[in-house]
Amino acid sequence: MMHPADLPDTISVFPLPGALLLPRSRLPLHIFEPRYLQMLDDALKTPQRLIGMVQPNPCQSSDDKLHMIGCAGRVTQFSETEDGRYLITLSGISRFRVRSEVEGFTPYRRCEVCWNGFERDLGRAEADQEFDRMRFLRLLERFFSAKQLSTDWETLKDADDELLVNSLSMLLDFDPEDKQALLEAPCLATRRETLVTLIEFALRGGSNEETLQ
């Protein structure tokens with residue numbers, strides 16, 4: 001487990017729309033662009049092995065603007081293919097707030113970041129005391145049926161609150177801005193409420209009034 005003092009002031013960032021990493025969760029990535037191969041090589045040379053996942057912000061006038069909040073992950077697994085690509089896993093450590101982008105000579109982007117306000121991310125898994133699991137699973141079953149998705153329902157029933165909510169937040173196909181809202185949720189209960197709202201919205205057909213059956 002990392003401590004606040006272990007977290008660096010500057011990290012490399014990987015702007016990837018729709019890719020969500022949450023604390024204590026794992027995100028598999030396929031790295032093949034030369035600049036991100038260099039980013040990974042440089043990250044592996046550091047004690048923390050951190051890479052920040054952050055989404056581009058479409059609401060900003062400039063195409064290269066980033067959202068202010070991302071999540072840093074530690075490279076915990078990696079393998080190299082015969083043609084020089086990497087398959088890696090990031091384990092979520094803590095969210096961060098972007099202070100400024102660092103100008104430099106690296107082909108990838110780097111940012112000065114602040115970790116204040118996200119101390120809970122470094123602690124134990126959260127519990128959701130108000131979580132009505134059976135009601136949530138019934139809603140999820142309707143959603144999976146409407147989207148023609150399959151899953152291991154026994155595993156979902158047995159999963160811890162945080163693992164269940166965070167895994168679905170990361171895996172389900174929501175718009176990047178919806179993913180950002182899930183990331184920025186201040187606690188697990190708020191993330192679960194946001195997730196329920198997004199699922200219910202999808203079941204209503206998004207902007208349409210007709211409910212999917």
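Helix α4 (residues 161-171) packs against helix α6 (residues 188-203) at an angle of about 45°, and their axes are 10 Å apart. Here an axis is a line fitted to C-alpha atoms, for helices over the stretch in contact, and the angle runs from 0 to 180 degrees between N-to-C directions. Helices are DSSP runs of H or I with at least four residues, strands are runs of E with at least two, and both are numbered from the N terminus. The two helices α4 and α6 are therefore oblique to each other; angles under 35 degrees count as roughly parallel, over 145 as roughly antiparallel, 65 to 115 as roughly perpendicular, and the rest as oblique. The crossing of α4 over α6 is left-handed, a term used if the near helix is turned anticlockwise from the far one by less than a right angle, while clockwise gives right-handed.

The model is predicted, so local features need pLDDT of at least 70 and side-chain atom pairs count only at pLDDT 80 or more, whereas totals for chains, interfaces and linings use all residues. Residues are numbered from 1 along each chain as its sequence is written, and side-chain values use heavy atoms, with hydrogens and water left out.

Arg133 forms one with Asp161, and the closest N and O atoms are 2.8 Å apart. Arg133 belongs to helix α2 and Asp161 to helix α4, so this pair ties together parts that are 28 residues apart in sequence. Arg133 is buried, with a relative accessible area of 16%; buried means under 20%, exposed over 50%, and partly exposed in between, for a 1.4 Å probe and protein chains only.

The count of salt bridges comes to 10. Among them is the one between Arg85 and Asp83, at 2.9 Å from N to O. Arg85 is partly exposed at 27% relative accessibility, and Asp83 is exposed at 54%. Another joins Lys45 to Asp42, with 4.0 Å between the closest N and O atoms. Lys45 is exposed, at 67%, while Asp42 is partly exposed, at 22%.

Now to the strands. Strand β5 (residues 86-102) is joined to strand β2 (residues 26-31) by 6 bridges, and the two run antiparallel. Strands count as paired if DSSP finds at least two bridges between them. In this pairing Pro28 stands opposite Thr89 of β5.

Strand β5 also pairs with strand β4 (residues 69-80), in the antiparallel sense, over 11 bridges. Gly73 has Gly92 in β5 as its bridge partner. Ala72 is buried, at 0% relative accessibility. β4 and β5 form a hairpin with 5 residues between the strands, and in this hairpin Gly84 takes a positive phi near 90°.

A further partner of β5 is strand β6 (residues 109-114), again antiparallel, with 5 bridges. Here Arg97 stands opposite Cys114 in β6. The hairpin of β5 and β6 has 6 residues between the strands.

Which residues carry a positive phi without being glycine? Arg24 is one of them, with a phi of about 65°. Arg24 sits in the loop between β1 (10-15) and β2 and is partly exposed at 29% relative accessibility. Arg49 also has a positive phi, near 55°. Arg49 is in the loop between α1 (34-44) and β3 (50-54) and is partly exposed at 25%.

The last topic is the aromatic rings. The whole structure holds 7 aromatic pairs. One of them is Phe96 with Trp115, which is edge-to-face, with 5.8 Å centre to centre and 70° between the planes. Rings of Phe, Tyr and Trp (its six-membered ring) pair if their centres lie within 6.5 Å; planes under 30 degrees apart count as stacked, over 60 as edge-to-face and the rest as tilted. This pair links distant parts of the chain, with Phe96 in strand β5 and Trp115 in the loop between β6 and α2 (133-146), 19 residues apart. Phe96 is buried at 0% relative accessible area, and Trp115 counts as buried at 10%. Elsewhere, Phe143, Phe144, Trp153 and Phe174 form one aromatic cluster.

How values were computed. Salt bridge = Lys/Arg side-chain N within 4 Å of Asp/Glu carboxyl O.
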